[in-house]
Amino acid sequence: MKLIYRGLLLSLLIFTFACSSLSEKDTADTIFINGIVYTVDDVNTQIQAVAVKNGMITAVGETSTIQKLKGENTKVVDLQGKTMTPGFIESHGHLMGVGYNKLELDLMYVKTYDELVAKVAEAVEKAAPGDWITGRGWHQDKWIERPDNMVKGFQTHDLLSAASPNNPVYLRHASGHAAFANQKAMQLAGVNRLSIEQLSSQVEGGEIIKDDLGNPTGVFTERAAGLVGRLVPRDTEEKDDQALEMAIQECLEKGITSFHDAGSGQAFIDRLQRFKAEGKLGIRLYVMLTGRQPELLDAWYEKGPMIDPDHFVTVRSIKLNCDGALGPRGAWLLEEYTDRTGHFGHETLPMEVVDEVSAKGLELGFQVCSHAIGDRANREILDRYETAFINNPEGAKDHRFRIEHAQHLSKEDIPRFGELGVIPAMQAVHMSSDRPWAIDRLGKQRIEDGAYVWQDLLKSGAIIPNGTDAPVEPVDPIPSFYASVSRRTLAGLPEGGYEPAQKMTRDQALRSFTIYGAYAEFEEDFKGSIEVGKAADFTVFDKDIMTIAEDDILKTKVAMTIVAGKVAYDAGLK
Ligand SMILES: [Zn+2]
């Protein structure tokens, strides 16, 4: 008894000694103190301070405890009562698109067709004759007034062509599933009343929209957009570098520390590797290989997944595009569109490809991420994933296959996500932007049963990684966080939210942008929560997004973004 007591006393003495004389190797590189820190650990511990060393979290707790880890060279970041969360993860975006949105005409905030034309006219004045005018981000359903002349729900090119008679114009739709060209561009592409039938037959799954007289209206959906798009001069290496730099900076300013790129090719991966080697890759990238290039997939099947030990550029998943978007009525539905009889949308790749890629993915360790918006596309993919899992139970043990968007589901398919372990990677802000007109496409019943059903999916046992699909929406996570908990448009309508039973709680919304995103890229042991041994990726907000009034969420600003322990962005807020 006495012996035990003496031993205890001795160890207590040693412990006290160790605490009072920290050697340089025990002190932190940086300590973050005086914050409201949401750890997102299993029990939602809330703390005040974090210590970081070599880019990793070494201690968490009260400010007074963490201050003991301050050495001579320790940097102290006083959060001054601001709110810190794990670094936000954008789980579905297109990084080069974010950059190019900054480089080209940004039509995302245009409110009318006239305003779009005015923007193009401005660009024409600065351009040399014959130069291409390119832009992206327009969405006719978001305009506050409809142009007089509409064909199949889209504007026609007359005004645009009048504003730019000598410069070809090519403007991508916000959804990425349609494009709008002027007369000059169509002339260069050989698209006219006489050629339209023949060209249409070459672009299966796409449409060259024409008016009553058979003239092309300037709008091209899906693959048809390539008829004009292929003439647009290719981006140069320098321009691509510039776009990537701008995109990374944009992410950091919006509090994003990790980004899932939803479908890119080898040139993008090479560029990321080079940026990493040059120390310019400020955020962590998880890249899905685009399924649009079979030779790319073959090459990667050959070498297998690339899992970065530094956790900055990992390639271990494949993106398949299985249907179109709801706006241009490309989403593939089980029943016809409410606002176009006899029209069901369509698949944008043969469904056998989903079978093949799923089997290959399970065999070789690639996750499969399939874009599906309509209920038919979602069901087809769930069916095909399920078959693949049954055929290869060993490979399917920890598959984490995803469906990107999973927007409109048949009621029967909702529980299948939880049962099969398929991850619905959803972007809550799409609900805010699309719900007001989505009901025209789908009707009341389908909206209530299966549109953006976050709570039903979570209850099924599924996890939902959140995002913005940038540049379809700005890469800013705040509007998507707001949409997740309010189910209102960004103008705050309707009071109480659309289908309020499907709202996420604040905790679920925070998880969707942190630990769930990490899980969706097999990284939940490395990041996504603030715990000892995990990466020191943090986002700091000027307001407490977990407790402020719903209406104040949209006013919240990112104060700081920290990646691997380094302050990569500081808004300089007091
Ligand atoms: Zn996307």
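The model is predicted, so to speak of local features a pLDDT of at least 70 is needed and side-chain atom pairs count only at pLDDT 80 or more, while totals for chains, interfaces and linings use all residues. Residues are numbered from 1 along each chain, as its sequence is written.

Let us begin with the sheet. Strands here are DSSP runs of E with at least two residues, helices are runs of H or I with at least four, and both are numbered from the N terminus. Two strands count as paired if DSSP finds at least two bridges between them. On these terms, 6 strands form an open sheet in the order S3-S2-S7-S23-S24-S25, with mixed pairing. Strand S3 (46–47) and strand S25 (566–570) stand at the edges with a single partner strand each, so one side of each has no neighbour in the sheet.

The parallel part can be seen where 2 bridges join strand S2 (residues 36–38) to strand S7 (residues 83–86); there, Ile36 has Thr83 of S7 as its bridge partner. The hairpin of S24 and S25 has 2 residues between the strands, and in it Ala564 takes a positive phi near 50°.

How well covered is strand S24 (residues 558–563)? In S24, 6 of 6 residues are buried, where buried means 20 or more other C-beta atoms within 10 Å of a residue's own, exposed means 12 or fewer, partly exposed lies in between, and C-beta atoms are placed from the backbone.

Beyond its neighbours within four places in sequence, Ile283 is in contact with residues including Ile248, Phe259 and Val563; contact means C-beta atoms, placed from the backbone, within 7 Å. Ile283 is also among the residues that touch the most other members of the largest nonpolar core, which has 157 residues. Such a core is a set of buried Ala, Val, Leu, Ile, Met, Phe, Trp, Tyr and Cys residues joined through C-beta atoms within 7 Å.

Finally, look at helix H4 (residues 113–126). Tyr113, Leu116, Val117 and Val120 are buried in H4. They cover an arc of only 95° around the axis, which puts them on the same side of H4; the arc is taken from the directions from the helix axis to the C-beta atoms. The face turned away from this buried side carries the exposed Glu125 and Lys126.

Note on methods. Contact = placed C-beta atoms within 7 Å.
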